[in-house]
Amino acid sequence: MKIIVCIKQVPDTAEVKINPETGTLIREGVPSIINPFDMHAIEAGLHIKERAGGKVTVISMGPPQAETALRDAISMGADDAVLLSDRDFAGSDTWATSYTLSKAIEKIGADIIICGKQAIDGDTAQVGPETAEFLNIPHISYVKKIEDISENSIRVQRMMDEGYDVVESSLPVLLTVVKELNEPRLPSLRGKMVAKKAEIKRWGQKDIMADENNIGLKGSPTQVKNIFTPEVRSGRKMFEGTPEEQVEALIQELRVLKCL
Amino acid sequence: MSLIIDIDKCTGCEECLSSCPFDAIVIKEGKAFINEYCQFCMACLSVCPEGAIKEIADEKPERVKVRGYKGVWIFAEQRNGKLASVAYELLGIGRKLADDLNTELSSVLFGAAESEAQELIKWGADKVYVSKDRILEKFNDEPYSQLLTTLINEHRPEIVLAGATPIGRSFIPRVAAGLRTGLTADCTSLAIDKETGNLLQIRPAFGGNIMATILCPDTRPQMATVRPRVMKRGQYDEGKKGEIINIKADGLTSRTKVLDTVKEVSDTAINLQDADIIVSGGRGLGDPEGFRLIEEMAEILGAAIGASRAVVDSGWIPYRHQVGQTGKTVCAKIYIACGISGAVQHLVGMQSSDIIIAINKNPEAPIFNVATYGIVGDLYEVVPLLIKKIKESRGL
């Protein structure tokens with residue numbers, strides 16, 4: 001079984017604070033981590049390999065420093081890692097990112113491709129399904145349980161709003177996974193040693209034979225126009241005085257609105 | 001456009017590093033360098049004291065002619081043959097966008113009966129493309145994306161919206177990828193740019209810490225998924241007339257098969273999204289015991305209990321109570337935030353509530369930016385008083 005896991009290195013957004021004066025993000029000291037959902041994707045890949053045999057290759061698109069994330073994945077037990085890094089990949093939106101990943105996946109070859117359901121910095125959940133479309137293979141989103149896997153098919157539970165669906169697919173297939181699927185393992189000591197020495201391949205646009213019109217900013221249909229912090233709600237009322245006075249004033253307001 | 005750093009001017013002062021929300025500027029051999037994380041938000045342009053960061057306009061390859069695309073479409077999802085509530089919300093925003101563009105609003109409905117198509121018209125659609133084919137009754141990515149793609153290619157709408165639900169977020173990306181057009185996820189606000197006619201797609205970014213406006217200027221349709229429970233429903237008009245077009249679903253194929261659908265409803269999650277009143281607690285509670293006070297107030301108000309991500313991550317209360325970007329989006333009549341500072345990722349999940357009451361020690365807390373009423377004070381003083389007063393006013 002050839003398994004590819006797609007991961008992304010992200011800033012730990014839970015640690016990001018906003019500077020109240022400037023409204024900008026305070027990035028200092030915010031650590032870079034493997035996207036938490038991708039940890040579950042790595043675990044799923046390793047688990048399938050243990051059950052069905054095969055090889056797990058981890059790929060990531062990002063700047064050179066994303067190599068750290070790939071080494072971490074190797075320390076967990078992944079066999080091979082590829083970093084897609086090229087100046088020309090800069091500014092990729094989900095369309096161009098998915099195109100780029102699909103070109104790398106085509107080059108490696110895979111029976112199962114596993115992604116986290118979304119990355120915590122962008123929260124789009126689009127790269128998995130878009131990549132499957134580029135590869136012309138089926139995908140199943142929000143996988144919370146792998147029920148069965150054989151040489152040419154897989155049966156999983158897909159999370160929905162009001163429960164779950166049991167879905168079967170032929171292989172090759174792309175899965176996006178949620179946290180409920182598994183508990184990611186910790187790296188072993190041996191894994192850490194292996195990761196230290198592992199050679200991480202680095203591929204650029206030419207290595208994966210990507211069309212230069214389809215990558216990076218040039219290949220991205222969407223653009224960020226601007227970023228901002230949300231506005232103050234109009235008609236806001238800040239009460240003043242002692243806690244008693246403030247609470248009384250609030251009760252009065254709610255009475256007028258017939259909310260009590 | 002692209003951003004470049006003039007190496008001759010760059011002094012390596014690192015001034016620009018902190019301006020970048022995406023960590024895309026690094027120092028290499030004493031000079032600034034923009035890496036692959038760059039999203040071209042231009043935040044760094046003005047901060048360089050040497051003027052070494054420059055914007056260069058470059059030509060994009062022409063892909064699809066923007067002209068010739070007309071009309072606003074919404075994908076109306078159904079579950080068990082009934083319209084999902086997000087469909088009504090999409091009609092609300094879709095109608096507004098269509099009116100601003102002076103064009104038609106059409107709806108696409110898969111696997112449901114004509115009575116549901118009539119509903120869509122009464123709630124604002126001018127046209128409904130409906131297919132009752134059995135293969136579309138249960139959601140399945142491939143037939144859904146094949147048929148929607150075919151329809152879009154045939155009728156060329158300029159805007160296509162769908163709900164940011166497990167269904168919309170799963171198959172709409174396939175459609176956008178195949179059409180070679182942009183897709184913006186989980187929008188919380190949409191508007192038409194008066195000058196260009198482009199769709200301004202606003203969404204939380206960066207883990208919900210900031211908001212971003214996204215454009216899809218050169219390709220059509222402009223596609224977006226819209227967060228449920230954020231947009232208001234449209235106007236219902238019993239007498240509204242529209243056209244229902246039955247579409248053929250021939251030749252659809254699928255390599256995936258839905259074998260079974262299992263219902264698994266968590267009471268609390270439903271309560272939270274359907275509740276008229278929500279009392280929420282955050283880190284200001286100090287410890288998990290603080291939720292006792294929240295429970296007490298919720299009980300007398302008949303309210304559901306919400307929580308910020310911070311306290312859920314700390315294990316004070318289960319995830320199903322979490323309100324915000326990665327939790328539930330709520331739209332309550334009254335939302336009471338106790339000891340919640342109001343990170344954007346929380347705000348995006350509750351700010352469309354009608355009345356927001358914020359109680360926080362820190363007068364600068366961002367929660368007050370979205371509040372209808374703000375009380376600055378210690379919640380352990382304010383909340384018991386509030387409970388007492390509410391009881392009094394109800395003669396308890």
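This is a predicted model: local features need pLDDT of at least 70, side-chain atom pairs count only at pLDDT 80 or more; totals for chains, interfaces and linings use all residues.

In what kind of crossing does α2(A) pass α5(A), right-handed or left-handed?

Modeller: The crossing you ask about is right-handed: that is how α2(A) passes α5(A). On the side of α2(A), the meeting residues are A:Arg71, A:Ile74 and A:Ser75. Facing them in α5(A) are A:Gly191, A:Lys192, A:Val194, A:Ala195, A:Lys196 and A:Lys197. Sorted by class, this contact has 3 nonpolar, 2 polar and 4 charged residues. To find the two helices, look for residues 67–76 and 189–197 of chain A, where the axes come within 7 Å and cross at roughly 140°. An angle over 145 degrees would count as roughly antiparallel, and α2(A) and α5(A) are therefore oblique to each other.

Now let us look at a pair of helices from two chains. Helix α4 of chain A (residues 127–135) packs against helix α4 of chain B (residues 168–179) at about 45°, and their axes lie 8 Å apart. That angle makes α4(A) oblique to α4(B). The crossing of α4(A) and α4(B) is right-handed. Chain A brings A:Pro129, A:Glu130, A:Ala132, A:Glu133 and A:Phe134 to this contact, while chain B brings B:Arg169, B:Ser170, B:Pro173, B:Arg174, B:Ala177 and B:Gly178. In the contact of α4(A) with α4(B) there are 5 nonpolar, 2 polar and 4 charged residues.

Among the contact residues are B:Leu293, B:Met297 and B:Ile300 from α6(B), and B:Leu379, B:Val383 and B:Ile387 from α10(B). The contact of α6(B) with α10(B) has 11 nonpolar residues, no polar ones and 2 charged ones.

Next come the sheets. Strands of a sheet pair through backbone hydrogen bonds, either parallel or antiparallel. One open sheet has 10 strands with mixed pairing, and its order is β13(A)-β7(A)-β6(A)-β1(A)-β8(A)-β12(A)-β9(A)-β10(A)-β11(A)-β17(B). At its edges stand β13 (201–203) of chain A and β17 (256–263) of chain B, each pairing on one side only. From one strand to the next, the twist averages 30°. If you want to see where the chains join in this sheet, find β11(A), residues 163–170: 7 bridges link β11(A) to β17(B), and the two strands run antiparallel. Helix α3 of chain A (residues 94–108) lies across β1, β6, β7, β8 and β13 of chain A, and runs at about 150° to β6(A). A:Pro172 sits in the loop between β11 and β12 of chain A.

The other open sheet has 6 strands with parallel pairing, in the order β15(A)-β22(B)-β21(B)-β20(B)-β18(B)-β19(B). Its edge strands, β15 (237–238) of chain A and β19 (304–307) of chain B, each have a single partner strand, so one side of each is left without a neighbour in the sheet. Strand β18 of chain B (residues 277–281) runs parallel to β19(B), and 4 bridges join them. Within that pair, B:Ile278 stands opposite B:Ala304. Helix α6 of chain B (residues 291–301) packs on this sheet, where it touches β18, β19 and β20 of chain B and makes about 175° with the direction of β18(B). Helix α6 of chain A (residues 243–256) lies across β15 of chain A together with β21 and β22 of chain B, at about 165° to β22(B).

To finish, here is chain B as a whole: it is divided into domain 1 (1–59), domain 2 (72–246) and domain 3 (272–393). The centres of domain 1 and domain 3 of chain B are 40 Å apart. Chain B also has a cis peptide bond, joining B:Arg220 and B:Pro221 with omega about -5°. B:Pro221 lies in the loop between β14 and β15 of chain B.

Terms used
Residues are numbered from 1 along each chain as its sequence is written. Chains are lettered from A and ligands numbered from 1 in the order in which they are written. Side-chain values use heavy atoms; hydrogens and water are left out. Axes are lines fitted to C-alpha atoms, for helices over the stretch in contact, and angles run from 0 to 180 degrees between N-to-C directions. Angles under 35 degrees count as roughly parallel, over 145 as roughly antiparallel, 65 to 115 as roughly perpendicular and the rest as oblique. A crossing is left-handed if the near helix is turned anticlockwise from the far one by less than a right angle, and right-handed if clockwise. Contact means heavy atoms within 4.5 Å. Ala, Val, Leu, Ile, Met, Phe, Trp, Tyr, Cys and Pro count as nonpolar, Asp, Glu, Lys and Arg as charged, and the others, Gly among them, as polar. Domain bounds come from an automatic or database domain assignment. Two strands pair if DSSP finds at least two bridges between them.
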